[in-house]
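Subject: A structure to look at together

Hi there,

Here is the structure I promised to pass on to you. Please open it beside this message and follow along as you read.

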Amino acid sequence: MFASTGPGTPGHLAGELLRARTNARLTHVPYDGGRAALDAVLANRVDFHFQALPTAMPQVTAGHLKIVAMSSATRSSAVPNVPTVEEAGIKDFDVRLWAGIFAPRNTSNEIVMRLSQEIEQILLQPDFKESLARAGAEAMPMSVGEFAGFIRSETNKYEELIKKEFCSRLMYGGCGGFGAAINLLP
C-alpha cells in the first residue's frame, strides 16, 4: 500500500508509474494532504509514500524515516548516497516535484520576460541556492521556452500513463474527458 496526498496528485501518479513499471500489486491510499500521508508512513499504516525531500528531511534527520530511493533521474546533492529508482533497477522512472510561476495567458511578453529575468536573478543568488540545498531542493532556472517545453514533456508523460493505466480500466466512457482537458494545455 502506498500513500498519496490525494487522487491525481504527483505522489499518486508516481505510485501508479511504479506499479506500471514493475507490474507490482500496489494499493493506492489517498490522504488529505502531505502531512497526513507522511503520518501514515510514520505510523506504519502504509508501506511508502513519494514525499517531497524538503518536507521529509526533518523526519529523516531525526531517524524516523528512511529514504529508500530518489524518484528523480539523478541523485540529490542533499542525500548523495541515496540511489535513484532507476539505479535500483526500474527503468524509465523520472518523477520530480517541481514548482513554476505562471501568468494569465493574455499577459504581455514584455511582462513575462521581465518576471522571468527577475526570478532567475533570485534563483541564482548563492544564499538562496544554499537555503534550498539545505532543505533538499534545488533551483532549475529555465527560459520561458524551456519551461513550456518541460511542461509539455511532463504532460505527455502523464497523459500516456493515465490513458494506458487508468482509461483502460475505467468503465464509464474511457478517457474522453481527460483527453479534452489535455488539449486545453498550451
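Below are some notes on its sheet, a helix, the nonpolar cores and a pocket.

This is a predicted model, in which local features need pLDDT of at least 70 and side-chain atom pairs count only at pLDDT 80 or more, while totals for chains, interfaces and linings use all residues. Residues are numbered from 1 along each chain as its sequence is written, and side-chain values use heavy atoms, leaving out hydrogens and water.

Let's start with the sheet. Helices (H or I, at least four residues) and strands (E, at least two) are DSSP runs, numbered from the N terminus. Three strands make an open sheet with parallel pairing, in the order β2-β1-β3. At its edges are β2 (28–30) and β3 (48–49), each pairing on one side only. Strands pair if DSSP finds at least two bridges between them, and 2 bridges join β1 (residues 2–4) to β3. Ala-3 stands opposite His-49 in β3.

Next, helix α3 (residues 53–61). Its buried residues (under 20% relative accessible area with a 1.4 Å probe, protein chains only; exposed is over 50%, partly exposed in between) are Leu-53, Ala-56, Met-57 and Gln-59. The cover over them includes α2 (34–42) and α5 (126–135). Just after α3, Gly-63 has a positive phi of about 85°.

Now the nonpolar cores. A nonpolar core is a set of buried Ala, Val, Leu, Ile, Met, Phe, Trp, Tyr and Cys residues joined through side-chain atoms within 4.5 Å. The largest one has 12 residues, including Leu-13, Phe-50, Val-95 and Ile-162. Helices α1 (10–22) and α6 (144–166) each supply at least two residues of this core, and the largest share, 4 residues, comes from α1. Apart from this core lies another of 10 residues, among them Ala-3, Val-29, Ala-37 and Val-41.

Last, the second largest pocket. A pocket is an open set of points on a 1 Å grid over the protein atoms alone, where a 1.4 Å probe fits, with protein on both sides within 12 Å along at least five of seven lines; lining residues have an atom within 4 Å of a point. The lining of the second largest pocket includes Leu-17, Arg-21, Asp-92 and Lys-157. Here α6 gives the most, with 5 residues. By class, the lining has 4 nonpolar, no polar and 7 charged residues, where Asp, Glu, Lys and Arg count as charged, Ala, Val, Leu, Ile, Met, Phe, Trp, Tyr, Cys and Pro as nonpolar, and the others, Gly among them, as polar.

Happy exploring!

Methods. Contact = heavy atoms within 4.5 Å.
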